[in-house]
Amino acid sequence: MQNAKMKLFNGYDKMTEPINSSEIDKTFFEKLKEEKGMEKVLLCFNCSGCSTGCPMAEIESNFNIKKYIRMAGLGLKDRLLNDKYIWYCTTCYKCQERCPEEVLNVDTLLKIRTMAVAEGIMYDDHRAVAANVIETGHGVPINDKNKENRKKLGLKEIPPTVHSFPEAYEDVKKLLKSVGFDELVSK
Amino acid sequence: MSLNATENGSKKDLSLFLGCVAPNRYPGIELATLKVMEKLDIGIRDLEGASCCPAPGVFKSFDKTTWLSLASRNIVLSEDSGTDLLTICNGCYGSLIEADHELKEDPEKKKKVNEKLAEIGMEYKGTSNVRHIIEYLYKEITPEKIKENVTVPLEGIKVAVHYGCHMIRPSKGKDLDSVENPRFFDELVDATGAKSVDYEEKMLCCGAGGGVRSVFPETALKMSEKKLDILKAGGFDCIVDACPFCHLQYDVGQKTLAKEGKEYNIPVLHYMQLLGLAFGYTPEELGITLNVTKNCDFDNKILNLSKKTN
Ligand code: SF4
Ligand code: SF4
């Protein structure tokens, strides 16, 4: 399921179109480097070490981590935030381990994703995971079948997590509210 | 030899951080952990009231402050009970150890997080360590000691070890032997009498992480399929993982692939369950039979091994 806002790059591939200098957003890089280490995207010398070892690139050719690092350095904010393929990284961190310049490939990509989320660009399935945590404290909450399985095994029907401690769940809820997570994911 | 040993060198007791997938989808992993730890005489208690770690790839993609705050609350629960935090999941380990490192290294971040935690009457101090069951057993207990406790050597079982990503990578702050070709998990498997055999693409990701499974399940499955094909061709008896999320991806994934006519029937075991078998528990007692991918041949092999030792 896709969010209505995530349609800019679906159906056609703007990635192959030449870059127009008006697309360069200088404030984007400033924002990016607020996070320690992200400024290292500028050290990229295009060796392709990151994208070559990427298991996702072998499966989905539209996904290219090197390209995203280069785009981040250039400040191509709109292209990046609206590219649905930035969500294909499994965070296996192979690329980040291999980069000879110690570019934080994955951390940078995740930071870019948070910038998309801050603009309300988010998949519905991800909103559902976020809602689970807000509503239960678990990304994957217990269900009837597994309550049954737990009993069969001789475990407590409900695990000793937030699921068993309402006051602990209240704390989680309070914390999520305080950091503005509820609001962020309902954008 | 532990990097994480406490100042006086003594080991602290452990709190078991369950996360989400183990208790809520694969409770056999939780039970196996409790049984195995008891056998090894390792003091362990539930980390009561813990939440989602939160899932690293997903929550760090949503909002960094949310990720750090929720993770730090879980760490504080462990600090307040005077224990180290033990994870049985690569995702939980990756999330919590990284959060712990960030807070220990960056006083500014720690201050900000503590402002949030103060609202629920908590404070992060940095007195607890985050451990993964695999590196913990390897460093603090050792494969030799585990071997001494084996009552049913799993001879003849050909194991495909799946390290999974976040136990190893990012390697920063993890004190490992090698990122590209680690051996410690294999040694623990060999200690059970089974044999860990190398295979092509051993370090390949299961495909589920980073929020990919929830939005693009077919793409995630393609990555799993790649490894499953190699394992089938190699005649492996089972996959042994250390992460309930990889576990779910391979176990449920095989069922989805079977619907497309691709049969694998490779049993998926968490290391706690493999060790449980070597300690004499049955597949039923360890919840292995609750997997959606069933394989009677494997169950029979185990049965025969335990008959042999009785
Ligand atoms: S490995 Fe590093 S330097 Fe090489 S292309 Fe990728 S980001 Fe650039
Ligand atoms: S972390 Fe993401 S981009 Fe990097 S190698 Fe893995 S899937 Fe590719």
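**Notebook: contacts, fold and cysteines**

I started with contacts (heavy atoms within 4.5 Å): in chain B, 77% of those with a separation of 6 or more join residues 24 or more positions apart.

Before going on, I noted that this is a predicted model, where local features need pLDDT of at least 70, side-chain atom pairs count only at pLDDT 80 or more, and totals for chains, interfaces and linings use all residues. Residues are numbered from 1 along each chain as its sequence is written, chains are lettered from A and ligands numbered from 1 in the order in which they are written, and side-chain values use heavy atoms, with hydrogens and water left out.

Next I looked up the secondary structure of chain B and found 14 helices and 8 strands. These are DSSP runs, numbered from the N terminus: helices are H or I with at least four residues, strands are E with at least two.

I then checked burial, where buried means under 20% relative accessible area, exposed over 50%, and partly exposed in between (1.4 Å probe, protein chains only). Of the 310 residues in chain B, 62% are buried.

How many disulfides does the structure hold over all chains? I found 0, taking a disulfide as a pair of cysteine sulfur atoms within 2.5 Å. For B:Cys243, the closest cysteine sulfur is in B:Cys246, 3.7 Å away, so the two are too far apart for a bond. B:Cys243 counts as buried because its relative accessibility is 4%. I also looked at A:Cys89, which counts as buried at 9%.
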